[in-house]
Amino acid sequence: MSSIGVVNFSSEPGSVEIREIEKPIIGEDDVLLEVANVGVCGSDLHQWTSDHSWPVNYPVVLGHEFGGHIAALGKRVSGWKEGDRVVSETAAIIDLNSPLTRQGLYNLDPTRKGFGYGVNGAMTRFVKVPARCLHAVPENLPFEQACLTEPCSVAYNAVVMNSKIKPGDRVIVLGPGTIGILCAAVARLCGAEVAVVGLEADRERLNIAKQYGCEGIVGDASAWANKQDGLGVDCVIDAAGASATLKIALQLVRPNGHITKVGWGPQPLNFSLDPLVQKNVTLQGSFSHNWPIWEKVLSLLASGTLDVKPIIGGVWELKDWHEAFDQMHSGKVVKSVLKPS
Ligand SMILES: [Zn+2]
């Protein structure tokens, strides 16, 4: 039996099309997950336009933000049953014996391979998922929202685990994409005063940031950064997806402050990092997420403490992937969601 999937087939820009996909054969430790919803990620768009900076195993089914029902179980899988509502983490292949895996940081193991670039992802009806990736989705949380556990976990890792935000801190987030807005929302939950900064074309998306109690700023944010005591903000979260914004982060951060970089950008820097030294600033990268983060985020989503409804710009059928990608690529919507079945 086959079904359609959104396939990225080469490194040429625009190499994404609908193809027939065979139903995956699961191993003893896997489940077959029938996808209810899958979010479109900025990284799916980057693979589509081919301005990504990670190795892709072509051809590959896109999509790593997904949830659905368990349709079949491998014979060594315990603790789950057919029909269970689940979301899946993204680390499809990990080295169980890696020192990083043994300390729970399998997300940082260099051999990790994720859905949607390393192995087939979820923009199709069925996906093979190792049972260790699964988390139960509470009954009251619809899949359209639950499939965004992944980007929320990226934001939680960047803001809660990798930044040192305290109530009353002032935080600037650069870039009003999904990750930027979710970082801003999580920083609000940490008790910070937050501004999200974007370009003229980002006005719509900045309005969505306002729904999370954030300031939305087009262009120069130095006035907001210096409003309190003229020294800059406690923390800048760079979620812009371009290298050049690190320069802006260094301008806006206060001495002894913190910059967390969660946005990727393949371009080399062409400026001096001397302000980092002079201001005694901490520059922190943040990548992916692990099991405890997913559990915390699912609690926040189920209780409504973290609400992803404002960022969902629409739900499209798989065959309409192009429109869903386009709407997000042009900045008209923050997050597009697909519905395979
Ligand atoms: Zn993603």
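In this predicted model, Trp264 is located in the loop that connects strand E15 (253–261) with helix H9 (274–278). Its relative accessibility is 48%, so Trp264 counts as partly exposed, given that the exposed class begins over 50%. On the surface, Trp264 forms a nonpolar patch with Leu108 and Phe287. Together the three residues of this patch have about 300 Å² of accessible area.

Strand E15 also contains Arg254. With a relative accessible area of 19%, Arg254 is buried, because the buried class covers values under 20%. A polar atom of the Arg254 side chain lies 2.8 Å from the backbone oxygen of Gly232. Apart from residues up to four places away in sequence, Arg254 touches Asp229, Leu231, Gly232, Val233 and Asp234, together with Lys279 and Val281.

A zinc ion is held by protein donors from Cys41 (SG), His64 (NE2) and Glu65 (OE). These donors lie 2.1 to 2.5 Å from the zinc ion, and the spacing of the donor residues in sequence is C-x22-H-E. Cys41 lies in the loop between strand E3 (30–39) and helix H1 (42–49), while His64 lies in the loop between strand E4 (60–61) and strand E5 (65–73), so the pair ties together parts that are 23 residues apart in sequence. Cys41 and His64 are both buried.

Notes: Residues are numbered from 1 along each chain as its sequence is written. This is a predicted model: local features need pLDDT of at least 70, side-chain atom pairs count only at pLDDT 80 or more; totals for chains, interfaces and linings use all residues. Side-chain values use heavy atoms; hydrogens and water are left out. Patches are made of residues with over 30% relative accessible area and no salt bridge: like charges are joined within 9 Å, nonpolar side chains (Val, Leu, Ile, Met, Phe, Trp, Tyr) within 5 Å. Accessible areas come from the Shrake-Rupley method with a 1.4 Å probe; for residues, only the protein chains shown count as cover. A salt bridge is a side-chain nitrogen of Lys or Arg within 4 Å of a carboxyl oxygen of Asp or Glu. Helices (H or I, at least four residues) and strands (E, at least two) are DSSP runs, numbered from the N terminus. Buried means under 20% relative accessible area, exposed over 50%, partly exposed in between (1.4 Å probe, protein chains only). Donors are N, O and S atoms within 2.8 Å of the metal (3.2 Å for Na, K and Ca); water is not among the atoms, so sites may look incomplete. A polar contact is a pair of N or O atoms within 3.5 Å; within protein, one must be able to donate a hydrogen and the other to accept it, and residues adjacent in sequence count only if both atoms are side-chain atoms. Contact means heavy atoms within 4.5 Å.
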